[in-house]
Amino acid sequence: MSLNLVQPGDPEYPALCSAWNAGIQHRPALILAASSAEEIAEAVAHASDRGLRVRVQATGHGALRPATGDDLLIVTSGMTGVTIEDDTALVQPGTRWKAVLDAAHPHGLAPLLGSTSDVGVIGYSLGGGLGFLARKYGLAADAIVELQLACGDGRLRWIDDTRDPELMGALRGCGPSFGVVTAMRIRLVPAAEVYGGTMFWPAELAREVLLAYRSWVRGVPVELTSAVGVLHVPDLPFVPEPMRGQSFTRICLCHCGPDFSGVEELLAPLRAIPGLIADMTQRMPSTRMDEITMDPAEPMPFAIRGEMMADLTDEAVDYLASISPRDREPYLLWLTRHVGGMPHRNAGLGWAQGEFVTETVSVVPDESLAGVVRAFGDRFSAGLRSAATGYTPLNFVGSPEETGLAFTSQYGTHLAELKKRHDPANLFGGDRPLQTDISSERNPRMM
């Protein structure tokens, strides 16, 4: 097979260098616009021969740093497709969740997608993947049944719990550190319809909403996954006029049924919180789950910071309330997601080390603001220290240097040993390279 590799100066190069995170502009030595698994495997072998590391991108939602002249970038966005077989979906590496949702829904099924269906299935799942069905069904990583992997020696291998169970376990939630996934089969769940949406209050009521939410969430069933936070809606033309330039405290939630008879009673305490502006919760097909958080659809330059939390302590509530006024800190949103009671296949992941995970997302329109946003991220982590466990789930890691926070020390050691066996040349890792050194400043503790 003759590889059609794109180089700097080629007409296709600029477009292939773009990521959904518009703050990342790749500049790799070579790019493969992949069209087959065999082509990907050959490209991996070529990178190994050239002494290049391998980076992979479908959409670029999870991009944390640009590919450089030391990298070969494999772009899989042209390889899409979904095949439904019983209660599973076989997906190609460039497939987005929207395609899986649409294919599964006629069968009465849904995938374990996140808050937006525009994200790629593979990268999201390899990093764990926390969605609004998680407390009932677990992480997207838990739903991986089998996958095809292009390994460092250029071979294609199918991996599952029988064929190399250790490696299969690592691929469920530990990122892209062991090869390039060229196909993945995922388990679907019976959630053709959900009860979901968002309730809005003024941003200045953040403390009252947080306290009410903290009390309410302790008794909710696992069928209901929810989050609380503050959103500063941009003052931009594409935003509907009533919300443009406004700030809100919000509670986002999803009940996955199948019986919705008790949902109205379950949500009554939230609707009783004074100051409710709008209640957009309703029964809906799972194909409309994007409406729950209404994440931005267009590419944007952003940075994130995440913290796993043992509880919503009084100190954490005070801090989050204090930063809720608009322009108090440089962020677009913060959101605290309830994960308590979620089933875990792997207790060594950061996802298992707390009851809540809190993230903040900031827009970084140019490099001059990057330092400002990083400094805010440090203040954000410090403000949550009373509640933080010191871990950060892999998909919520904000920089490649923080990936050691995504695993317990014992599991990190196990991963390092697997890495030496399966990727001794350290070809793979990309935005979330496998690290086992944990910062003493964060002082992670097991839950």
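## Nonpolar cores

The largest nonpolar core has 64 residues, and Trp97, Leu130, Leu133, Leu147, Met184 and Phe407 touch the most other members. A nonpolar core here is a set of buried Ala, Val, Leu, Ile, Met, Phe, Trp, Tyr and Cys residues joined through side-chain atoms within 4.5 Å. Buried means under 20% relative accessible area, exposed over 50%, and partly exposed in between (1.4 Å probe, protein chains only). A second, separate core holds 35 residues, including Val230, Ile273, Leu320 and Phe356.

Leu133 has contacts (heavy atoms within 4.5 Å). Beyond its neighbours within four places in sequence, Leu133 meets Pro111, Leu112, Gly138, Val189, Ala191, Val194, Thr225, Cys254, Cys256 and Met289.

## Basis of the model

This is a predicted model: local features need pLDDT of at least 70, side-chain atom pairs count only at pLDDT 80 or more, and totals for chains, interfaces and linings use all residues. Residues are numbered from 1 along each chain as its sequence is written, and side-chain values use heavy atoms, leaving out hydrogens and water.

Four strands make an open sheet with mixed pairing, in the order 1-2-4-3. Strand 1 (5-6) and strand 3 (53-57) are at the edges with a single partner strand each, so one side of each has no neighbour in the sheet. Strands (E, at least two residues) and helices (H or I, at least four) are DSSP runs numbered from the N terminus. Two strands pair if DSSP finds at least two bridges between them.

Strand 3 pairs with strand 4 (residues 71-75) in the parallel sense, over five bridges. Val56 stands opposite Ile74 of strand 4.

## Ser381

Ser381 lies in helix 10 (residues 370-383). Ser381 is buried, at 11% relative accessible area. Apart from neighbours within four places in sequence, Ser381 contacts Arg305 and Glu307.
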